[in-house]
Amino acid sequence: MEDEAFAQIVSVFNWLVSWVAAGAMMFGGVVPYIPQYRDIRRTQNAEGFSTYVCLVLLVANILRILFRFGHYFETLLLWQSIIMIATMLAMLNLCTNVRVNAELNTKRRSFLDFDWNYFWSWSRFLDYVQCVAAFTLTAAYVTYVLLDSSVYVETLGFLAVFCEAMLGTPQLYCNYQNKSTEGMSVKMVMMWTSGDTFKTGYFLVTQAPVQFWTCGMLQVLVDFAILFQVFYYSFYPQKPVSHAASHTTSAKAL
């Protein structure tokens, strides 16, 4: 009788752990952007956030969804991509509105101008939606045509997770260029490191496609490299480089 009760307790505990893990996987990736969103709304200033992080994450998650048609993976990871896409669109909407309000006298730029010099610097949120829709339809058509090619499918999966894994490299390069981590939130980097470590472990435990966990490990290495920069530049400050005209934060920085 006691063994049966113990088995039920263990079963309930495992069920709770699985639900917590599922929730962390689906929503954990968007958590760092919540304070960023609130800060932009409060200050009406989007200078500290690079909208290119939205571009990278939109591309990565759209490709991941298309990858699922050729190589099945957990529905949980599919929902993670959908939630991230919705979050990045919300960030783009806010940043575009704030920037347009701050640049009332600036000439309006449109996606349909097809001016490469102003790519991803348009004046309306609708232009970003048009670009994302065009990319999605094009990638979906190519995937439909080449779906029977295992080389294409596996390459698609690699590109999806590789783009996401490289998200921290602009910040890494920015810190190296400035010889400082000033303007970067260390707390956020620690959250990314713990989240990426958990995500990579989840990929390994659930036997996700090899592209997922290999690029996850790469993402963790980039996070640790940024943390090393925090330590190095704190204890061994370098000669400051003037960068008043440049952004001190990049893709992942708050």
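**Two loop residues, then the helices**

Start with Trp120, which is found in the loop between H4 and H5. Helices here are DSSP runs of H or I with at least four residues, strands are E runs of at least two, and both are numbered from the N terminus. Trp120 has a positive phi of about 65 degrees, although it is not a glycine. Is Trp120 buried or exposed? Trp120 counts as buried, because its relative accessibility is 1%. The cut-offs: buried is under 20% relative accessible area, exposed is over 50%, and partly exposed is in between, with a 1.4 Å probe and protein chains only.

A word on the source. This is a predicted model, where local features need pLDDT of at least 70 and side-chain atom pairs count only at pLDDT 80 or more, while totals for chains, interfaces and linings use all residues. Residues are numbered from 1 along each chain as its sequence is written, and side-chain values use heavy atoms, with hydrogens and water left out.

Phe114 is not a glycine, yet has a positive phi of about 55 degrees. Phe114 is exposed, at a relative accessible area of 62%.

Now the overall picture. The protein has nine helices and zero strands. From the N terminus on, the elements run α-α-α-α-α-α-α-α-α. Of the 254 residues in the protein, 39% are buried. Next, contacts, meaning heavy atoms within 4.5 Å. Take those between residues at least 6 apart in sequence: 75% of them join residues at least 24 apart.

On to helix packing. Two packed helices are described by the angle between their axes and the distance between the axes. Axes are lines fitted to C-alpha atoms, for helices over the stretch in contact, and angles run from 0 to 180 degrees between N-to-C directions.

First pair: helix H2 (residues 33–43) and helix H4 (residues 75–102). Their axes are 10 Å apart, and the packing angle is about 20 degrees. So H2 is roughly parallel to H4. The classes are: under 35 degrees roughly parallel, over 145 roughly antiparallel, 65 to 115 roughly perpendicular, and the rest oblique. H2 passes H4 in a left-handed crossing. Left-handed means the near helix is turned anticlockwise from the far one by less than a right angle; right-handed means clockwise.

Which residues in H2 meet H4? Tyr33, Gln36, Tyr37, Ile40 and Arg41 do, and their partners in H4 are Met88, Ala90, Met91, Leu94, Cys95 and Val98. By class, this contact of H2 with H4 has nine nonpolar, one polar and one charged residues. Nonpolar here covers Ala, Val, Leu, Ile, Met, Phe, Trp, Tyr, Cys and Pro; charged covers Asp, Glu, Lys and Arg; polar covers the others, Gly among them.

H6 passes H9 in a right-handed crossing. On the H6 side are Glu154, Gly157, Phe158, Val161, Phe162, Glu164 and Ala165; in H9 they meet Gln211, Phe212, Cys215, Leu218, Gln219 and Val222. The contact of H6 with H9 has eight nonpolar, three polar and two charged residues.

Stay with Glu164. Glu164 forms a salt bridge with Arg64, and the closest N and O atoms are 3.2 Å apart. Glu164 lies in helix H6 (residues 150–165) and Arg64 in helix H3 (residues 52–70), so the pair ties together parts that are 100 residues apart in sequence. Both Glu164 and Arg64 are buried. The salt bridge criterion is a side-chain nitrogen of Lys or Arg within 4 Å of a carboxyl oxygen of Asp or Glu.

How many salt bridges does a search of the whole structure find? It finds two. Asp127 forms one with Arg124, the closest N and O atoms being 3.1 Å apart. Asp127 is buried at 0% relative accessibility, whereas Arg124 is partly exposed at 40% relative accessible area.

Last stop, Ala160, also in helix H6. Ala160 counts as buried, at 2% relative accessibility. Setting aside neighbours within four places in sequence, Ala160 is in contact with Ala60, Leu63 and Arg64. Ala160 and Leu57 are 103 residues apart in sequence, yet 9.0 Å apart in space, C-alpha to C-alpha.
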